[in-house]
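Subject: Structure for you to look at

Hello,

Here is the structure I said I would pass on. Please open it next to this message and follow the residues as they come up.

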Amino acid sequence: MIAFLGLGRMGVPMARRLVDAGHKVTVWNRTPRDVPGAATARTAAEAVAGAGLVVTMLRDPQAVEEVLASAVPQAGSVVVEMSTIGPDAVARLRALLPAEVGLVDAPVLGSVGPAAAGTLAVLAGGTDADLARCRDVLGVFGRVLEMGPPGAGAAAKLAVMSAVVPAQVLVAESLAYADAMGVGRATLLEVLAATPLGALAERLRPAALDEPPPAGYTLALALKDLRLAAHGTQTIAAAAERRLAEAVAAGLGDGDLTAVVRSPALRAPEAGARDEAGARDEAGAQDEAGTRSGPAATGGAGTGAGTGAVRLNPASVPPPAGAYSHAVRAGGLLFVSGQAALDAGGAVVGEGDAVRQSEVVFDYLERILADQGCSFGDVVNIRTYLTDMGDLPAYGAVRRRRMPGEPPSSTTVEVPRLFRPGLLLEVDVVAALPG
């Protein structure tokens, strides 16, 4: 029996492939969902009970680790991890699972259509013994490419995405440049069709021409994958990550990756001042009213008091819940006020759930940073207030995932309460402004 955990866009058609191939399948999803021909379990633990093969197709490393920690597969079974979580998370899974449980990392290349048709590329990593036990099942999903030892499949997937995603961001930037220069997107797409970038240009065509885009690989997932792949050699991928973060902050995260074409950050400034070489003035010129213009001031409403400080309240986050601004830009730094899990009406989001509140807080921080051209990589200091230090592990897991790499300077303190009952944490940051 096969347990299939995770019924998102990719999980549903993949589970159906297993059923159609004649396998006995039990499915589970956090939000209950059925697959015709498969048994539906109420919990992940119920799904894996008695399963010889456990397939996970979940959103991110945290989700995979949480599910498999709560639903330990039986001795002698094999876990086939098919999400995109990276080799470090695969190593953590190996340490989490009992030694008697095998582990194969087998992320896939392809979207919903190939998943339904069984034409995905499966990048498999694992020991020879573990691969032998799941090779035939993996073949149901498409072509199986055995990449090497445990973790090799996960690493290969991130390497591929580190090329494919930035390439699409590059085409999006080229389309924005064509707009600014009066060439027109349709014209540039025709030119690109005759180049090695033709296939990518064709994929971006619907979004670029305001037609219905494909519904496959979301922009938010693409951002997640680039963050997982973050490496010191990846300067181009790092720049693409910032572009995706800007698009997510603008509310485009649930759309296909091609929605990056519509990111407000790619629009040319209306009064784009140019220097003698004709390049854009990235620093922003001082206008007649004494306020700054240019990329560093776009997006949020800002006010100054004649001191060089600019107060900011981006529309991408709920309005301040009191007498303060969400951020202040001054002296090359961006000071972001403490963010808490409150919705636009001031109600607490995720009451009693430290993980959910942490995610909301980091979403708000990311949007405010992106409004000023920053990302979490520009943060120089982070300060966290917790009402219970027992929530530190849950908060820390979210923070490490959202802020990978070397951490900034940090302070974490426990407080008896926050300004709104039900809030478990508040986080403020200071970031260095680009340039």
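Below is what was found in it, starting with how the values were made.

This is a predicted model, in which local features need pLDDT of at least 70, side-chain atom pairs count only at pLDDT 80 or more, and totals for chains, interfaces and linings use all residues. Residues are numbered from 1 along each chain as its sequence is written, and side-chain values use heavy atoms, with hydrogens and water left out.

Two helices in contact

Helices (H or I, at least four residues) and strands (E, at least two) are DSSP runs, numbered from the N terminus. The axes of helix α7 (residues 152–180) and helix α8 (residues 185–192) come within 9 Å of each other and cross at roughly 135 degrees. Axes here are lines fitted to C-alpha atoms, for helices over the stretch in contact, and angles run from 0 to 180 degrees between N-to-C directions. That angle makes α7 oblique to α8; under 35 degrees would count as roughly parallel, over 145 as roughly antiparallel, 65 to 115 as roughly perpendicular, and the rest is oblique.

On the α7 side the contact (heavy atoms within 4.5 Å) is made by V171, S174, L175, A178 and D179, and on the α8 side by R185, L188, L189 and L192. These residues divide into six nonpolar, one polar and two charged. For this count, Ala, Val, Leu, Ile, Met, Phe, Trp, Tyr, Cys and Pro are nonpolar, Asp, Glu, Lys and Arg are charged, and the others, Gly among them, are polar.

Salt bridges

Side chains of opposite charge can pair when their charged atoms come close. A salt bridge is a side-chain nitrogen of Lys or Arg within 4 Å of a carboxyl oxygen of Asp or Glu, and a search of the whole structure finds 20 of them.

One of them joins D179 to R185, with the closest N and O atoms 2.7 Å apart. Buried means under 20% relative accessible area, exposed over 50%, and partly exposed in between (1.4 Å probe, protein chains only). D179 counts as partly exposed because its relative accessibility is 39%, while R185, at 19%, counts as buried.

R227 and E241 also meet through their side chains in a salt bridge (3.6 Å, N to O). R227 lies in helix α10 (residues 219–228) and E241 in helix α11 (residues 235–249), so the pair ties together parts 14 residues apart in sequence. Both R227 and E241 are buried.

Another salt bridge is between R401 and D60 (3.6 Å, N to O). This pair links distant parts of the chain, 341 residues apart: R401 is in helix α13 (residues 392–402), and D60 is in the loop between β4 (53–56) and α3 (61–70). R401 and D60 are both buried.

How many of the ten residues of α10 are buried? Eight are, so α10 is largely enclosed by the rest of the structure. Among the buried residues are L219, L223 and R227. The buried residues of α10 pack against α7, α11, α12 (354–371) and α13.

D210 is in the loop between α9 (198–208) and α10. D210 has a positive phi of about 60 degrees although it is not a glycine, and it is exposed, with a relative accessible area of 63%.

Regards
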